[in-house]
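Visitor: I'm new to this one and would like a close look at a single part. Could you walk me through it slowly?

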Amino acid sequence: MNQASGDRPNTTLNTVPNQVLVLGQADVNRAITRIAHEIIERNRGLDGVVIVGLQRGGVWLAERLVATINHIEGETRPSIPLGKLDVSLFRDDISLRPVTPVTVTDIPADLAGSKVVLVDDVLFTGRTVRAALDALNQYGRPSSVQLAVMIDRGHRELPIRPDYVGKNLPTGRDEDVLVSPEGVTLSKKVNA
Amino acid sequence: MKHLRSIPELGVDGIVRILGLANHMAEVNRRPVPKVPALNGRTVVSLFFEDSTRTRISFETAAKRLSADTMTFSVSTSSVNKGESLKDTIETVSAMGVAAFVVRHKTSGIPWQLSEWTDASIINAGDGWHQHPTQALLDSFTIMSTLGRVPSNDCLKGLKIGIVGDIRHSRVARSDIQAFTALGATVVLVAPRTLLPPEIEGWPVSISSSLDDVIGELDVLYMLRMQRERMNEALVPHLGEYSARYGLDERRAKMLPGHALLMHPGPMNRGVEMLIDPSSLPNNMITQQVANGVSVRMAVLFDVLGGTETGAGVVS
Amino acid sequence: MKEVQLINIRGGRILDETTDAQGRLADIHIAGGVITEVVDAGSKLPKADIDLDATNCFVSPGFVDLHVHLREPGREESETIETGSRAAALGGFTAVVAMPNTEPSQDSRIVVEFVRAQGERAGLCEVIPSACITVGRAGQALAPYGELRDAGVTLFTDDGNGVQDPLLMRRALEYARDLDITLAQHCEVSSLTVGAVMHEGSCCSHLGLPGWPAIAEELMVHRDIELVRLTGSRIHFLHLSTERSVEMVRHAKAEGLPITAEATPHHFTLTDEALRSFDPVFKVNPPLRTPADIAALKEGLRDGTIDAIATDHAPHASHLKEQPLDQAPPGMLGLETALALSLTELNMDAHSVVAALSWKPARIAGVGDRHGRPVAVGEAANLAIFDPTCEWVVDREVVASKSKNTPYHGRTVRGKVRHTVFSGQVVVRDGVAQR
């Protein structure tokens, strides 16, 4: 999610001083598998479920979740739909900091009546999720929206809570959380 | 970016940035509800001292899709007709709390003069014969996206673009030449000497007085509007001769390579520069240019009003 | 109205037609409007009411501007004869030729006499009215030269317009010949400059502004040289701006034709590139041109092809200049900056600069009996006392002119008028106008 700045390095670990490894690659894999099971279980099968990754950090995670769910469910059913959503134009802080939408929004189906699972890497203030809820509305009225994140780092500014969490991680506001398929690290903000 | 006044001020990095944003806006325009709250609460005033309903509507549509409030300052019914000066007008309207003015004026340089008198952003929707930057951006976007290319500083590389007609009096031509060449295209101007600007030897273009000579080599044929008013100025002998030498007729349409795109900034002068039905050509881009105009103007408005002084950064 | 002032000027170097470029150290006493003593520096002088310190300064004859627009009568919101005279005095000018494009035009005795009287009332410099070549500057009928000559006018011009009709110009020159008057032409073939805003060249092509081609000036310079050859009358070319114009005048003078010419500081200082700002303060007629033209004007001034530096001082109230470029009137201030720009921009010594600012234009204006005279006993006390090395920054907020349209705002220039003495009165003292 956001708090990491946009030109985040493509995640080679241990290149930033004071970086602490919070989850290793195996931990990340295990968390994804667990969340996949929880999604299947909670939705009693998968009818109407659409997985939507938030650009940019949530997209790879959404792709992994879809692949894992498909693996668990086997070839017996068609792949569940996967979407991508860029919420830049829906943010409430456009005037507060520079925002440029640069990534793709691709919603595969009319969302009316579907069960949308929003996926992001880090849940922080909640403002991105709020923007995503607004954006989703323009694609139809889902019957429900759930939220899956790899890391919940606290500091919420809005009444938003995740349904699926990889790990709850207490952080300071002056810290950066980096999430990648190889692991999760915590470090002091570089240019705070 | 505080203002969008000209292509040179925007620079090639700015052009590429706008093209990227326009891609995103085009996607917004394909959504079931093509409207986002990005510029909620900002007021955009169109200040058109010269009539251009299509450009004004394109800008206002773009502003509304970004949820900005739009107002039209209609010059024909306003105090400008009662002798109010340009400076007094802009200061008065600015005082109402305006984020951006979209300005069209028959005289070159007005956007620069206005920006001395207001803190609002100025977006140039055409000044005299000088600049029409959003037209150049939407033209570049149209070519780039039609060819399936992605925004970069050489996204028009390898293309030969012929601009035909009254270059001298054309803000579209001046802006297009700068944008196309900045993005790597080769531009050839096709016009009689009387319709070329004086002393253009330093321009990054080649020049031909014969459309027949160059039409077979073009990847894009860009026809300009030939204004009938020019006939009073002894610039060409008469419209018939102009049409015969520079108009797009059946014979020339056959000489145009099959892959070549046909473009025109509109409104077309049928029977003058356009002697065929352009929709009979497979690669007629004229309607697409209009459609892309909304996406590009959304990109410009967002860049000017949603970003920072030096242009928006990137946040994921 | 005038009290008799007794003035001493000490510590300066006299620079006039009789001296070399170094000048000559001397002290001066003025009484009753006349120079009464010129003595070796430091010698005893009679007691004076006013002592002017001229240390580090040249003391030269006052400057004469062949070309100013004082806007009165008719455009008093831009300038009055009083405010324009004050600007002139601050620039070291003791005489200015008022262009006739007032409202009403200076084409009758009554308007000319009004202008002269307003100049006398202001008392800051001599205001020399010029008059129109054609009635109302309309290019249709000759103005009454005889009546105007009797009213003291010797310079006639339709400045702002060139006389387009070659027949009318021929008749004007023929008629002028026996009246011993000089016609001054604003050279512009108007059909080539319809709607023009700036010099026609690569800059105007980029900016999409209608161009004012050099040929529009040069065609009329050429025509008038040939008409002078035909008629034998005198002509003065106003504000030459192009390389070819200078070249043609050089050849014509070499042939001995009775031709004089002027150039303005803005035409030898600024180029058409200034219009890239789209600031109408840089719109002027004829327009700012190219570096090649500037080089030709400088060479023309250096070799004497161009006789005089004239300002074409053209004040416009800000509400007039703050308009679209095609509607804003052409013209810029010049009186208060002419000396400094000449010393800064021209590669000429102070003697040559003062020649072009003082005694040469004084003769063209027909006032060589009282302006541009040597600084000597018995001469009228019309003097400019200036420091040729003083650097200062032009500030449009402190100009004496009623308008602020100087194109040099913020520019550092060299050479400043310290005192001006007009008709035996101190009108500028230590850079401050005294009335």
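Visitor: Into which domains is chain C divided, and what lies around them?

Guide: Happy to. A quick note before we start: this is a predicted model, in which local features need pLDDT of at least 70 and side-chain atom pairs count only at pLDDT 80 or more, while totals for chains, interfaces and linings use all residues. Residues are numbered from 1 along each chain as its sequence is written, and chains are lettered from A and ligands numbered from 1 in the order in which they are written.

Now to chain C. Its parts are domain 1 (6-59 + 377-396 + 408-433) and domain 2 (62-364); such bounds come from an automatic or database domain assignment. Taken over C-alpha atoms, the centres of domain 1 and domain 2 of chain C are 28 Å apart. Where the two meet, domain 1 of chain C puts in 22 residues and domain 2 of chain C puts in 21. Here, "in contact" is said of two residues whose C-beta atoms, placed from the backbone, lie within 7 Å.

Look at the domain 1 side of that meeting place. β17 (383-393), β18 (412-422) and β19 (425-429) of chain C each supply at least two of its residues, and β18(C) gives the most, with 7 residues. Strands (E, at least two residues) and helices (H or I, at least four) are DSSP runs, numbered from the N terminus. By kind, this side of domain 1 of chain C splits into 15 nonpolar, 3 polar and 4 charged residues. Ala, Val, Leu, Ile, Met, Phe, Trp, Tyr, Cys and Pro count as nonpolar, Asp, Glu, Lys and Arg as charged, and the others, Gly among them, as polar.

Next, zoom in on one residue, C:Gly201. You'll find C:Gly201 in the loop between β12 (198-199) and α5 (202-207) of chain C. C:Gly201 counts as buried because 22 other C-beta atoms lie within 10 Å; the cut-off for buried is 20 or more within that distance, with exposed at 12 or fewer, partly exposed in between, and C-beta atoms placed from the backbone. Leaving aside residues up to four places away in sequence, C:Gly201 touches C:Gly211, C:Asp272 and C:Thr290, and also B:Pro198 and B:Glu199. As for C:Trp212, it sits 11 residues from C:Gly201 in sequence and 8.7 Å away in space, C-alpha to C-alpha.

Those chain B neighbours lead us to the next stop. Chain C has 16 residues in contact with 20 residues of chain B. On the chain C side, α5(C) contributes the largest share, 3 residues. That side of chain C is made up of 5 nonpolar, 8 polar and 3 charged residues.

What about chain A? Chains A and C do not touch, and their nearest C-alpha atoms are 29 Å apart. Chain A itself has 3 helices and 8 strands, and 41% of its 192 residues count as buried. One feature to find there is an open sheet of 3 strands, in the order β1-β8-β7 (chain A), with antiparallel pairing; strands pair if DSSP finds at least two bridges between them. At its edges are β1 (20-23) and β7 (175-180) of chain A, each pairing on one side only. β1(A) and β8 (residues 183-188) of chain A are joined over 3 bridges, and A:Leu23 stands opposite A:Val184 in β8(A).
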